[in-house]
Structures are given as structure tokens and as C-alpha cells.
Amino acid sequence: MNVLTAPVATQAGRGRRSADLLRARELGIVLVLAVVFGLTTIKNPGFASRASVRQLLSGASLVALLGVGQTLVVVTRNVDLSVGSVLGLSAYLVGKLFVSHPHVPIVAAFAAGIGVGLVVGAINGLITTATRVPSLVVTLAMLYIVRGVDARIVHGKQIDPTSIPRSYQSVGFRTVFGVVPWLTIIVMAVVLVVGYCMRTFRSGRDLYAIGSNPEAAALAGVPSGRRVFWAFVVSGGLAGLAGALFLSQFATVSAVAGVGYELNVIAAVVVGGVAIFGGSGTVYGAALGALLLNTINQALVAAKVSAFWNQAVAGALLLLAISFDRWLSLRLQRIESKRGERRVLR
Amino acid sequence: MSSAEPGLSVDDSIAAHAELPLWRSFVRWETALLVALVAALLFGSQTKQFMTATNFFYIGINIGEIAIMALPLTLIVISGEIDLSVASMLGLSSTLLGYLFRSGWPIGLAMVAVLVVGALGGALNGLLVTKVGLPSIAVTIGTLTLFRGLAEVILGAKSVTGFPASLVKIGVVPLPHTRIAYSIGIFCVLAIVVGVVLQATATGRSIYAIGLQSEAAHFAGIRVKRIKFRLYVVSGITCAFAGILWTFRFATSRYDAGTGLELNVVAIVLFGGVSIFGGRGTIVGVALAAAVMACLQQALTLRNVDGQVRNIVTGVLLLVSVVVPNIATALSRLKARAARRRRPVTVSFAP
């Protein structure tokens, strides 16, 4: 997959101007989001109601959370396809924990979910970095293996809402001011923390360096293997957390929980401006991408467009988004090179 | 602007090939697959019903469409790209066939129309990858959603049945005088054609060249973009054809036909020894991989192993297929690193 991708945004953080460009990218998503929201509200005022907004936020939360982990991995020129399976396994195991020990503290339940994810993430990271096998293949294999293990454990049964404590379920449905679900607040906190770390800490900047140019990063002394390993561990851990949140949100878990999430997540991440071949993009963008895709889906419903159009529009939108991104980066590159020439002339 | 090659660089793989001792050239991935196939058959034969013609008919019928879709995907992956939209194209084709048939089109004409739509879908992928220059993994995740979405728009939650019995028969009876499923017969013919094209024609060799070093291939006068574009069109047509077979096998047309199969197809291609970075892989390997997967799955089914649990086998095979060939290189890398540590290193920063 040798596609020419060297977007200008690769130099993020090195200069103020390129940082501004990045911010502009997220601003673009916010604008599209506002337009979609505005137009739909004009057509159907109910779209701006509390219940509707709550649904927009809670529907996007899990994909946004998975998108955060995916961004860490994709920025290093890797990919994690196993997130949907990890979500399913973690959700079921946490549910099972409640079935066998009804009085487990909520924090312990979350920790268990995250733990499941961390283990799978560590396996992904170990195999990818130790044997230098393409992560696409490793995580595709883990997608199957984890789903298979999950099915083996579930064995045709499912977790029912009756066995999940009310207090745990309330994480999924209780809201602040009747609008923002706790679920979303947790996800937002994760987005902000990870976003800050990726921007500020050396290890975070290293991820971008690895993705922009692996050889250069290695020559510059970046411990690539260790960084990529931890990116996978974090992605796994967040997928585990997403599983625990899935349980609190739906309270019903069968063997098919989270099937097919991986492609939704990658779609959200790509729409959010994370370059699929590494080196650029932010977790804010990824989270906004998830929100945008969910908002468009709901908008189609609210605008009384048949629900059957959802997927087709989502697909077309994804293609438009990446085409536009490509066009933008080519343009910016042209502008930059012109500026460079002028500087040389001076 | 340089081409962004994830992970392993081309120089590495060429160097690795050049340094192979003679005996290693006999150790091919295809040989390992053959051994795996024998092992799968031995494992399967422990169940009574396994070594029967009927059982092999069912093994074939279950893998037929997937194996057919794996053929063009093999070419695409060898050229260094990927196509994740294959199963969605199968679904779109099945849906469209049902829709046109229900609207009163003669079934023959409807089939032609479906193949044309397959070509158009492939052309869309091809255009976005070659002309717009987008990463194929992102493009085909987009068209994966788009094609499935269009299928949903066309038929909604309805399904179409009542296809002519003579055609539906194709899906459920073997070829005359044999116990081979139609789809497997078609797969064999296509595999031979694709295999000959890949191994013995200039176009086929160009595909390897593109996968190894796209830029070098370009400078050598290979029309990289045109070939890639055509591969996507071929893939679209083939998957549409697989969709027609799928429709006849189930005698039903539904928008969700073959949902999620793309990963199975990719798994078979990669298990067949095709390098995800392009430039390496054979049709024989992919055909053997399909056979191994199909036999193992069926052997497990006969032992009443649940479908989802059988995924573990797919995953482990995939993992083994990429990790085992890399263990040798990983070890030599570790050794080299250890040697480097023992030697004093002088680094100069002079330009």
C-alpha cells in the first residue's frame, strides 16, 4: 500500500502555522457538524430536543472512545482491527463478573474490563513489534481469535439486564443537566487526557515521529518498538473500557456485541483527519469524526429520510472526506513550497 | 515526495531473498500449506462422515464464493494495494439481481447488468486509488460502507425469492457426472486463468514489479496506474459474479448477503502467503489456503464446534502464517543487535 501520503500536517507542533492548520482541520469538522445539526433542526425541530441531543452524544461515545485508541495506533502507521472483538469480550466478562459476584464495586468492574483489553493489547503489541509482522494482519488474526474465545465463553447465552446492578447501569443512562450522559463525560475526559499527552509529552510526540518517518525516528533515537507496543496496549485498554461502558449502556451482551465496530472506528478516525499512513491527526479529530458520523446517521432519521440510506450516505461521506483531505493537503503543500521558494530568494 | 511504505522496506525483503542458502529455496510457503492440508484432512477423517463425496461437496459449496473473490484480491494485494469492499460488492450484486428480477427483467439481462455495475464499482475504487491518489485501505472501507448502503437502499428489509429453478439448481447441485460444486468448478477455471496471467504474462510480472517497487516499475515503463485501475475493475466484476452465485445458492436476494466476508477473503489471501506489502504471493498458495481453511472449518463443524468459535482457527492460522516466516529474520536481527553491542561504536555527525 504505497500511497503517496505526506500531508503538510505531518510537521504538527514544529511550527505554529502548522499547528494552526491542524486546529483548522478540527474546526472544519465542527462546522460541518453545525451545518448538519442546523439544517436538520430546521427541518425537524425535535432534533435539538434534550432527548435527541442525549442520543447523539451517547450514540457516538463508544466509537469515539475506540477512536482515541485507534488514533494512537494509526499515527504510528499501524492499525488495530481487534477493537470490536475486545469490546465484546470485555463487555461479556464484566457482565459475567456481576453474575457471579453481584456486589462487586463499580470501579473494580471497570478495572476488570480495562484489564481484559490491556492483555489483548499487549499481545497485539508484542507480536507486532517483536516479529515485525504487519499490524493489519496481526490484529485481523486477533479479531478472529478474541471473537472466537468470546463465543466459547458466551456459549450461546447472554447477559441480561436483571443481573447488572442498577448503579452500574446508571453510568450508561444517567445524565448531567438532562443532556450529557455520564458515559459521554467519561469519554470526553479520556479524549482530553490522551489529547494533552499526545501534544505535550515526549512519548506522544515520538508517536508522530515514528509515523512520519520510521527510519528518521530510529536514527533520532526514538525507541520505536517500545512506543508502538504501548500504543497497542493503550488501544486495547480503551477497547476494554469501551466494553465495560457498553455493558452499562445496553445491559445486554451476547456473542455478537461489537461485531463490525472496527471499520466504523477506522471510518471515524479517517473522517476526523487522522492520516491512515501515520504521522498526523489528533484524538480530538477522531472523537469529532465519530460524533459527526453518528449525527449524520441520526439526522437522516430525523429528516425522515428512510433509515436504509444511512450506510450509503456514511460511505459516500467517508469517500468525500478523504478526497477533500487529499485535495487540501496537496494545496497546502503547493502553498508551502511557494513560500519556501520566496524565502530562498530573499 | 517519497512513497510511504509501512514497516518492512523493499530493500530488506530483496536482501533477504538474495542471502537465502540453496536449501531454503525448496522451503516454500506452498509446501507448508500442502502439509497443513494433509494434516487438516487427517484431522477431519477422524470423524466418520468426513471422507465422503457429499461432505467434500459441502466443503466446496461453503468456500466457493469466498475463494472466487480471493483471486482478484490476490492480484491487488501483490500490487501493493487492498480491496475491502469485496463482500459489499457481493451483497450489492445479489440485491440488484433480485431487484431487477422482481421488476420483470429477464434473468440473463439482469445478470449482465449486475456485472456492469460490478465493473463500475470497481472503477470507482480504481479511480479513487489511482487518479485521486488515496490510500486503498481508506477508499475501500468507504466503498465497503457505500456499496452495502446502496444495497440497503435498493431492497430495504425485503428479500426477493422465486428465481428460475434451473438457475437456483446451480447453487445446490454438483456439476454433471461429478460431486464438485459449480462454484468450485468455476473457481478452478478462474484460478488457472489468473495463475497463468500472473506467472506467464508481461502484465502478471508487472504486477509483482509494482508491488515490489512502484516507482521503479513506473520508470521501467510499466503503466502502474492503468494496471491497478484494471485490477480493481476485474475485482468488481468478479465479486459481482460471486454475488450472482451466492444468490442462486441461497435462492434469495437480501441486502445483507455476505456481510463481513471481506475479512475472511483477506485472511485466505494472507494465509496463502501473499505479502501484505505486495510483490510476493502465488495463486497456488491462495488456492491451497482456501482448501485448508474450508477443510478445517468443516472438520470442526462435524465435531459440533460453534461457528463463532471456529474463528479461533482462522485467526491462529493467519497469525502462524505471518509469524513463522518472520521468526528466522527476527532471531537474526536480535543476533545482529547483540553483535553490535559488543563492538565499540563510533558515530560521526559530520554531514
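Mentor: Helix 4 of chain B covers residues 86-102, which is 17 residues. From its first C-alpha to its last it reaches 24 Å, close to the 24 Å expected at 1.5 Å a residue. This is a predicted model, and the distances here are computed from its coordinates.

Is helix 4 of chain B enclosed or open? Of its 17 residues, 15 are buried, so helix 4 of chain B is largely enclosed by the rest of the structure. A residue counts as buried if 20 or more other C-beta atoms lie within 10 Å of its own. In chain B as a whole, 51% of the 351 residues count as buried. After helix 4 of chain B comes B:G104, with a positive phi near 95 degrees.

Now the surroundings. Among the contacts in chain B with a separation of 6 or more, 80% join residues 24 or more positions apart.

One pair of helices shows how such packing is described. In general, two packed helices are described by the angle between their axes and the distance between the axes. Helix 3 (residues 53-78) and helix 11 (residues 224-250) of chain B pack at about 175 degrees, with their axes 9 Å apart. Angles over 145 degrees count as roughly antiparallel, and that makes helix 3 of chain B roughly antiparallel to helix 11 of chain B. Helix 3 of chain B contributes residues including B:I61, B:G64, B:I68 and B:L75, while helix 11 of chain B contributes, among them, B:L231, B:T238, B:W246 and B:R249. The residues of this contact divide into 14 nonpolar, 3 polar and 2 charged.

Chain B also touches chain A, in a contact that takes 55 residues from chain B and 49 residues from chain A. Helix 6 (136-155), helix 12 (261-271) and helix 14 (307-342) of chain B are the elements that give two or more residues to chain B's side. That side divides into 32 nonpolar, 17 polar and 6 charged residues.

Last, a word on confidence in the partner chain. Chain A averages a pLDDT of 85, and 92% of the residues score at least 70. Over residues 1-14 of chain A the pLDDT is below 50, although this stretch has 53 contacts in the model beyond near neighbours in sequence. Where pLDDT is low, the predicted coordinates should not be read in detail.

Notes
Residues numbered from 1 in each chain as written. Chains lettered and ligands numbered in written order. Predicted model: local features only at pLDDT ≥ 70, side-chain atom pairs only at ≥ 80, totals over all residues. Contact = placed C-beta atoms within 7 Å. Helix = DSSP H or I, 4+ residues; strand = E, 2+ residues; numbered from the N terminus. Nonpolar A, V, L, I, M, F, W, Y, C, P; charged D, E, K, R; others polar. Expected span 1.5 Å × (residues − 1). Buried ≥ 20, exposed ≤ 12 C-beta atoms within 10 Å, placed from the backbone. Axes fitted to C-alpha atoms, helices over the stretch in contact; angles between N-to-C directions. Parallel < 35°, antiparallel > 145°, perpendicular 65-115°, else oblique. pLDDT = per-residue confidence, 0-100.
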